[in-house]
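Please look over the sequence and the model shown here before reading on.

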Amino acid sequence: LGTINTTISSLCKRSLFDSAFKFTLLMVSKNLRPNDGLLMSLVTGLCRNKKHSEALQLYNILLDKGLTVNNAISSALVVGFCEAGMVQKAKLIVQRMLDGGVKIDAFIYNALIYGCCKQEKLEVGCKIKEEMAGKGVHPDIVTFNLLMLGFSNNGRMDEALMLWNECQRNGLVPDAYSFSIIIGGFCNIEKIKEAMYFFDMMIQQNNHLNPVVYNILIRTHCRNGKVLEAFKLLNDMRSRGVSPTSVTYSSLIHGLGKNGQVDEAENLLDEMRKEGLQPDVVCYTALIDGYCKLGQINEARSLLQEMSALNIQPNTITYTVLIFGYCKLGNIEETRRLYEEMLSKGIAPDSWTYNILTHGFLKEGKLEEVFNLWDHMSERGVALD
RNA sequence: GCGGUUACGAGUUAGAG
């Protein structure tokens, strides 16, 4: 049995979920049961790779065999379906668990609420919260956080705050997530005063301080062109012993780039390295965008080379940014070249890429090329939106 | 006992016509 576990584990680690799946089925058919942790990562892995039906199949077989399936495995399945937007199917799975007399715990309810909130079905999410309470499963802080996030993302801060109050009436204590959700919600609608009210509350409690809240505030200032304010917060976080992350830096780089301060932005890459942080693809893409917006396309292009020298893989957005840079300069040659290059690297263009390419070609009167492009696009299963 | 659920960063679309 140890060998089985090791084999499956190794297959999962190498992301060979198909093989792990087949191997597990084979084992289960011989009534050998891999351990819980492995089954969970297998279910999670299958779902992340869009193999939901395999995950479900495995789950069903375990049940049919009368093998124990703990809530962690079930919740991995429910989460997998919810993350892919298949909340209805997730609900069916849960319903079957209920029918089978299985106790649904808060993790699973929360996973369902997560799915509902992702689809902006906030009222349904709230109903599930009531339902769980009715079944004697107390909504926990995660339940409240999920719903607060749902409302915050829709600018419905009144409702988010009602939940903030409600959870405390229920004896729950807002945690670091709660704070950043509320602060982020106010930032989204530019209610900075309100955001700062909650931020000060965190500071006063001298608790829950973490890079995420700072990142939210820094990004908000950067988005509003208030880079100086953003840097003040960077100092503030450091002085309180909170280390910046690559998210912090990418926000700052983006903010500086938007202001045309690309040199300062580029210096931040070195500053990161001095702090032991590796600049990632987002930091580079933000900087490349900054150069492109200034028309300094060669600088942008050499950053792409720098990335490959450092083994930082460019992605769809990186290429789209560069292509847009060339399009704006009317450089059709390089636009084509980059498009070919991204295809040859297996980086998939998306609807934004095609949108930009279309405009670029049209601007230069390359009507036929647009038609070719559109054929290519539909072959690849991308639709303009 | 251990494990499963929640927060933050980059790309097209300002205005006029």
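Predicted model: local features only at pLDDT ≥ 70, side-chain atom pairs only at ≥ 80, totals over all residues.

Two packed helices are described by the angle between their axes and the distance between the axes. For helix H7, which spans residues 106-118, and helix H9, which spans residues 141-152, the angle is about 0° and the axes lie 9 Å apart. Because an angle under 35 degrees counts as roughly parallel, H7 is roughly parallel to H9. On the H7 side the contact is made by Asn110, Ile113, Tyr114 and Cys117, which meet Val142, Thr143, Leu146, Leu147 and Gly150 of H9. By residue class, this contact of H7 with H9 consists of 6 nonpolar and 3 polar residues, with no charged ones.

Is Pro244 buried or exposed? Its relative accessibility is 7%, and since buried means under 20%, Pro244 counts as buried. Setting aside neighbours within four places in sequence, the residues in contact with Pro244 are Leu234, Met237, Arg238, Tyr249, Glu275 and Leu277. For one of these, Leu234, the separation from Pro244 is 10 residues in sequence and 7.3 Å in space, taken from C-alpha to C-alpha.

The last stop is Ser180, a residue of helix H11, which covers residues 176-188. Ser180 has a relative accessibility of 11% and therefore counts as buried. When residues up to four places away in sequence are not counted, Ser180 touches Val212, Val213 and Ile216.

Note on methods. Residues numbered from 1 in each chain as written. Chains lettered and ligands numbered in written order. Heavy atoms only, no water. Helix = DSSP H or I, 4+ residues; strand = E, 2+ residues; numbered from the N terminus. Buried < 20%, exposed > 50% of the residue type's maximum accessible area, 1.4 Å probe, protein only. Contact = heavy atoms within 4.5 Å. Axes fitted to C-alpha atoms, helices over the stretch in contact; angles between N-to-C directions. Parallel < 35°, antiparallel > 145°, perpendicular 65-115°, else oblique. Nonpolar A, V, L, I, M, F, W, Y, C, P; charged D, E, K, R; others polar.
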